[in-house]
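Trainee: I'd like a close look at one part of this protein. Could you walk me through it?

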Amino acid sequence: MIEAGWDEQADRLLIIPTGFIEGDSPFSANLGFVVKDVAAAKDSINWYAQHGYQQIKLYNSIRRRWLTNSMNVTN
């Protein structure tokens with residue numbers, strides 16, 4: 001995914017590559033990582049961090065408890 005916005009101060013378009021993580025469900029878009037548990041969520045977060053992504057979007061079926069168990073997993 002690519003997040004885009006306008007930088008008013010610099011008068012230019014900002015494009016930020018954005019990670020995409022979603023839970024496994026019949027409605028999964030399958031555009032990024034589809035995770036089934038906390039370990040897979042952590043692995044996905046680390047993969048995006050290691051590849052220079054500055055942000056991650058979380059989509060349908062992500063369980064809230066996974067988020068608290070997945071924070072601060074990168075160095």
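Trainee: Which residues in H1 are buried?

Mentor: Keep in mind that this is a predicted model. In helix H1, the buried residues are Ala41, Ser44, Ile45, Asn46 and Tyr48. To place them, H1 covers residues 38-50, 13 residues in total. From its first C-alpha to its last, the helix reaches 18 Å, close to the 18 Å expected at 1.5 Å a residue.

Now look at the two ends. At the start of H1, Asp37 has a side-chain oxygen within 3.3 Å of the backbone nitrogen of Ala39. Following the helix you'll find Gly52, and its phi is positive, near 85 degrees.

Ala41, Ile45 and Tyr48 belong to the largest nonpolar core, which has eight residues in all. Phe20, Ile21, Val35, Ile62 and Trp66 make up the rest of that core. E2 and H1 are the elements giving two or more residues to this core, and H1 gives the most, with three.

Most residues other than glycine have a negative phi. Asn30 counts as exposed because its relative accessibility is 54%, and the cut-off for exposed is over 50%. Asn46 back in H1, on the other hand, is buried.

Technical notes:
Residues are numbered from 1 along each chain as its sequence is written. This is a predicted model: local features need pLDDT of at least 70, side-chain atom pairs count only at pLDDT 80 or more; totals for chains, interfaces and linings use all residues. Side-chain values use heavy atoms; hydrogens and water are left out. Helices (H or I, at least four residues) and strands (E, at least two) are DSSP runs, numbered from the N terminus. The expected span of a helix is 1.5 Å times one less than its number of residues. Buried means under 20% relative accessible area, exposed over 50%, partly exposed in between (1.4 Å probe, protein chains only). A polar contact is a pair of N or O atoms within 3.5 Å; within protein, one must be able to donate a hydrogen and the other to accept it, and residues adjacent in sequence count only if both atoms are side-chain atoms. A nonpolar core is a set of buried Ala, Val, Leu, Ile, Met, Phe, Trp, Tyr and Cys residues joined through side-chain atoms within 4.5 Å.
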